[in-house]
Amino acid sequence: MKHSEGRPSGLSRISRPARVKLVVMVVALAGLMVASPLLAGFGKTIQEAPLISTSLTASPRMTGPFPSSGVAPHYPVKFTESGLASGTSWWVTLNGTLRNSTSASITFSEPNGTYPYRIGTTSGGILKSPNATGTVRVAGAPNTVVVPSIGVGSTPYAIAYDASNGYLYVVNEVSDNVTVIDGTNNSVVVPSIGVGSQPFAIAYDASNGHLYVPNTGSDNVTVIDGTNNSVVVPSIGVGDFPDAITYDASNSYLYVANDYTDNVTVIDGANNSVVMPSIGVGSVPEAIAYDPSNGYLYVANSGSNNVTVIDGANNTVVVPSIRVGHLPEAIAYDPSNGYLYVVNTGSGNVTVIDGASNTVVVPSIGVGFEPFAIACDPLNGYLYVANYGSGNVTVIDGVSNSVVVPSIGGDPTPSGIAYDPLNGYVYVGGGGANNVTAINGNGIVSTLWGPAYSVTFTESGLASGTRWSVTLNGTLHNSTTASITFSEPNGTYPYRIGTTSGGILRSPNATGTVRVAGAPNTVVVPSIGVGSGPTGIAYDAMNGYLYAANSGSGNVTVIDGASNSVVVPSIGVGSGPTGIAYDATNGYLYVANYASGNVTVINGASNSVVVPSIGAGSYPAAVAYDPTNGYLYVANSGSDNVTAIDGASNTVAVPSIGVGFNPRAIAYDPTSGYLYVVNTGSGNLTAISANGFVSTVWSPMYSVTFTESDLAYGTPWSVTLNGTLRNSANASIAFTELNGTYNYSVNSPGWQPSPTTGSVKVSGANPAAVSIQFTQVTYTVTFTESGLPLTPGPEWNVTLNGVTHSSSTSTVTFTEPDGTYNYSVNSPGWQPSPTTGSVEVSGANPTALSIQFIEVTYTVAFTESGLPSTTGPEWNVTLNGVTHSSSTSMITFEEPNGTYRYSVESISGYTVTPAAGNLTVHGTPVSQALVFSATSGGGSSSGFLGLPGNTGYYLLGGIVAVVLVGVAVMLILRVRHR
């Protein structure tokens, strides 16, 4: 197996810091054996989430004690510059005070606080970084320890900053937990969040606010939610001994370096799942950093002493190896200059890589002994390197890539380091002291200036005194003289040319771009090695390459104009190539071979020979291309003539056009359409008219047919193929195209095509066909009711567009395409509002309608007969628990549909039929007849004393009884008086 030797597996592991310590000691002691295992561990550099260099908003923290006078102490605020020409005057305004200088630094003295600044120069340079305006924070003397100790867990080795809450997360390897520190008051807010075994690194994901902790002992990653400081994912399996991690803001992926398996695992932060288990890198990857300027990941491999570059866009290796120092253990990205800083633990230095070219720009910057971690402060452009072996921190200026502070003490074994942009402090974790130290980086601003070069526009043809103007890169200059000049740094800038009156611009175009690459008319690249005896050169506009014809070595060298480097050292051609020209029609290069009397054709797309030999005259010395007819004109110095080659067919079109003696050079004039031949022997020029020749090149076209299915008849749809849009209401859309592969897109409003986009290959006479299947796009239409009894309530239904849906819940849902549809609502026994209407469906926004129900009631009438017709007795009926009374012949109720119990109260002297029963209400009024009948001895006559029935007799008996009682009482009273 790959790791069978030299790496622990199975029952025991040696931690990475211990392994590094062991290697360093072996190198230092020249092979002496280590007597006992090294228990003191090393730290880990963590590439933090992209650092933010913005105006700080934290409240100033005042330091004391103050002098007895009550005046707050002042501290230096130093602005340093690089890049300006010697003696150039520049200035800084800080907190309203202006100072200028021609030296490299400007210093102020301010109390603690946050102050605005502005940087400028009178001439001679463009400020590349930082911004010309910003703020600087003063919080004590710069580059000093401001917080000596914040207690954390056992053996802290890594620190990360969470931008969402301003907290620092410290990884404690031996205690298997994470401690959370509040950067605003430098106090512990969460002493311990348990993670996996031997946590060794940490990274912050800005997209979800999570912290990701690789655990080297358990081969997994634990995810912590920074909003509540709790574990949300205990374990995401990765490779063997994961000990480094970084976050890629462009895709929200986390990249984990696995020490023992020599690979990188990719985790998707959106769902916390592994999207790529393994990307092979160098030996023993120990650190990883993300470069947001190019989207690349940089992996430091301590076993192979190099850096591997991964493209985050496709998770592939783009640069397998960039050589650095010995035992690279940490890496950090500096956003101010785009450089990567690699900490080499074994060689005690830092290597600087330019992320733009992936090349080493500074091989070695000496720091302390056994440097082990690094962090960048973007406010001052400084890099802070934690030196585990020498127990200090070294400060590097990223502008000059030199050491500005050799040593800041504080922790005896610094191993983890992170920058807090809120307070400008650099936090250092100590592996042996179990605490965190804070270093003040405030009060320093490094400025980087780039040279500016002149850009001159000159005019001819305007009447004297006519005003004209040029806008370059957003800046407008105008003049009545012949030239307008700007000053710009290197780059490519858009321009616009205009005039108020008096002229029509013939050339160039009124708008375009101009490239600035150093001072004009000066040497910018002194030497690019090519073949022997280079005598001709041509530019290929399709790939940006330069082709040099080497007459001595009989070949062509290809140079990349973007990087001024050789990409193809040699393409073999004929003997003694001296002239070369580029044909923009076919992308070919035509090489005139002086000694072999022919022309070789090279394909610029593949940099290979496509036609080894086209016969020309004797000793062809030069060649030129005429774009109007597609011909190549070869000047033959030995036969005193010019041969014309048709570039469309690569055959000779005109064998000989006689010119002067010993023609050695030829050029095409696009204004006149003439070819000008330099006749060296006769000392003159010959002009050849190529007008009247039109070389046409035709290529066969082939059909490409798109056929749809499932689209409603007559529905319009469209296809865009290779930039051409075509519409149809029929089943097919046809194009004709040359051989090639073309992108297409399909559309029909209200319908979803499958596929929507794609590519189609046209190859020869076989027609290309693409089938498109459409599905009508529908959207949700929801009816929501209120007023019906709670679920399960009565069933209600909605009919929409002729389709009826029913429900006993509060909603009825349809899916419909765009359009306007009628609806009706119904529920037996209930009245909806509205009952009918129309609804418009338009796009993805859900359509919602509210329906209010009111219960419908019907009249239930009880009609009596048999009681006296006038001033009859009162009678009553109880229905569904409710009693109504009346002295008329009718009692009514209002009830919804249902079956109800009723009863009729009896009246003295009468019986009623029916006295009780059930009634059913079902959508219509209900009537119930009641018949009262007089009982025996009673009846409907007035009776005794005019009262009905026996009522008169009862009343008379009562009166008699009362009189008898009264007489008895009076007799008793008389007896007592006697």
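In strand β54, Thr 651 is the bridge partner of Asp 646. This pair belongs to an antiparallel arrangement in which five bridges join β53 (residues 641-646) to β54 (residues 651-658); two strands are said to pair if DSSP finds at least two bridges between them. Four residues lie between the strands of this hairpin, and Asn 650 takes a positive phi near 55°. The structure is a predicted model, in which local features need pLDDT of at least 70 and side-chain atom pairs count only at pLDDT 80 or more, while totals for chains, interfaces and linings use all residues. Residues are numbered from 1 along each chain as its sequence is written, and side-chain values use heavy atoms, with hydrogens and water left out.

The protein chain has two helices and 81 strands; both kinds of element are DSSP runs numbered from the N terminus, helices being H or I with at least four residues and strands E with at least two. Of its 978 residues, 46% are buried, where buried means under 20% relative accessible area, exposed over 50%, and partly exposed in between (1.4 Å probe, protein chains only). The accessible surface comes to about 44,300 Å², and carbon and sulfur atoms account for 54% of that area; the areas come from the Shrake-Rupley method with a 1.4 Å probe, and for residues only the protein chains shown count as cover. Among contacts (heavy atoms within 4.5 Å) between residues at least 6 apart in sequence, 46% join residues at least 24 apart.

Tyr 633 sits in strand β52 (residues 631-636) and counts as buried, at 3% relative accessibility. Beyond its neighbours within four places in sequence, Tyr 633 is in contact with several residues, including Val 642, Thr 643, Ile 657, Leu 675 and Ala 690. Ala 690 is 57 residues away from Tyr 633 along the chain, and their C-alpha atoms are separated by 9.9 Å. The side chain of Tyr 633 also makes a polar contact with the side chain of Asn 629 at 3.1 Å. Such a contact is a pair of N or O atoms within 3.5 Å; within protein, one must be able to donate a hydrogen and the other to accept it, and residues adjacent in sequence count only if both atoms are side-chain atoms.

Further along, three strands form an open antiparallel sheet in the order β55-β56-β57. Strands β55 (663-669) and β57 (684-689) stand at the edges with a single partner strand each, so one side of each is left without a neighbour in the sheet.
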